[in-house]
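Please have the structure open as you read along.

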Amino acid sequence: MTQADLRPAPAPLTSADPPALLGRDSAAAYRGLIADVAGRLAERFATVDKPWTGPAPTAIAPAVAAVDLDRPLTSFEDAFDEIGELYLKDAVWFHHPRYLAHLNCPVALPAVAAETVLAAVNTSVDTWDQSAGATLIEQHLIEWTAARVGLGPDADGVFTSGGTQSNLHALLLARDEAVEQVLLKHRVEAGTPLRGVEVLPRLRFFASPHSHFSVVKAARLLGLGEDAVITVPADDWFRMNPAALDAAIETSREQGLVPAAVVATAGTTDFGSVDPLGPIAEITAAHRVWFHVDAAYGCGLLVSPRHRGLLDGVEQADSVTVDYHKSFFQPVSSSALLVRDRSSLRHVTHHADYLNPAEAAFPNQVDKSLQTTRRFDALKLWMTLRTLGPDALGAMFDRVCALADQTWDWIAADSRFEVAAPPSQLSTVLFRLAGADDATHRLAREALAASGEGMVAATRVEGRIALKLTLLNPDTGLADIVPVLEALARHGKTAQEAAGMTTVPAPSAAPRRRDHRGPAREGRAA
């Protein structure tokens, strides 16, 4: 008797059983299911009146934990009603005009429709025999984006899950390129073999203090450690200082270290600042160091009718990160890594006999990706461009940049607030409640979220908490933002009164009131 003989026979499906899998025989059921879900969600979108309900984890965790996943419900409708309570009721609605917190955008309708297509067909864009036309669509979008960047005829790239993966991918390529150069130089000069593992501890990445945390994370994942990232000072507008970068690279070489990559940021998360890409490109070229531009946030400038000049110099990069799910208004996930020289992608290529043998005659995207199984996320951007066009996306990004300027001016003119940074080159606004301490800011922000009146983020500027508006909704206007600011001022006053403060405390340090019509506007149209 075999092991298979010991298994109980499955209960036969009858015609009364609902279809479980999508296929030819379930096409009608699929149509009804999707229509039902779309109808239910449309009702919610039409009636949502605040960006969030503000629950604490303790408020909803017991209901989730009580679900017995071994006992299914009787119908999909029951399951949908259940997630309505467990998820949708307290979901964060990024499309709401008073959602002003993080780099989450409302999404383009053609992209949402494309999600239905790619989920149903379930294409994996790794090998040609799994994706065919999807491979060509993704490649064409990579070519289109690389042309917008200006990377030249040898450019290539691949879609990724997000900016963190794109940055990791870029720095892996930079690491291996640097190791190859060192090994070659040593072989020519010394004539003796040197192992790559001996080079790794000497490699260094250079980034500003305002670069994305994924740079440090990538250094750790690549076996270099956090100390491999050298912080280059920034200027008063939170942009990398080119002269300081040049000096840091020189110092590293004098210490016997190997400068492997410079990471410039085109749109820092907190400040929306764009590093001076042209001068940085000149320095990296002079030192022959890999130049990576993290444009996860600022990639919307590629289609901007007014502000494309902020990216001048990006065309000289060796690699570029773009996050379409930020300033191209795409659903998560939709990101890409672009490289100037497609041959650099060899560092992630591995041929498996069962999947992508070296002698394969057709293009296989897995040859250049960190992922194997991968969603056809490119379809969302394709449908958006083919329906709306890049000019419409650029105009939407321009609107949020203009709104940030208007909001900064409004806050700067109101004595209840103080600006914590100059106007963003993109679409963030940093500010404080005038004279309030850190505890007051925390309480005011928490109270705002709990009330559902709006959502804002927070960070630290010069050691003190600052509140942050991240504007990525082109349908939001000053009329939506002002009530949120008014609510914050009210909640801050309540927090101070509850703490027994009869007078407003003096800030721990005077805010720096920079000329906001100065360098922060470089590259921006008047």
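Phe-76 is partly exposed, at 35% relative accessible area, whereas Phe-80 is buried at 9%. Here buried means under 20% relative accessible area, exposed over 50%, and partly exposed in between (1.4 Å probe, protein chains only). This is a predicted model, where local features need pLDDT of at least 70, side-chain atom pairs count only at pLDDT 80 or more, and totals for chains, interfaces and linings use all residues. Residues are numbered from 1 along each chain as its sequence is written, and side-chain values use heavy atoms, with hydrogens and water left out.

Both Phe-76 and Phe-80 sit in helix α4 (residues 76-86), four residues apart, about one turn of the helix. Helices (H or I, at least four residues) and strands (E, at least two) are DSSP runs numbered from the N terminus.

Now for the rings. Rings of Phe, Tyr and Trp (its six-membered ring) pair if their centres lie within 6.5 Å; planes under 30 degrees apart are stacked, over 60 edge-to-face, and the rest tilted. That rule gives ten aromatic pairs, among them these two:

| Pair | Centre to centre | Angle between planes | Type |
|---|---|---|---|
| Phe-76 and Phe-80 | 6.2 Å | 45 degrees | tilted |
| Trp-410 and Phe-417 | 6.1 Å | 50 degrees | tilted |

In the second pair, Trp-410 is partly exposed at 23% relative accessibility, while Phe-417 is buried at 4%. Elsewhere, Trp-144, Phe-159, Tyr-324 and Phe-328 make up one aromatic cluster.
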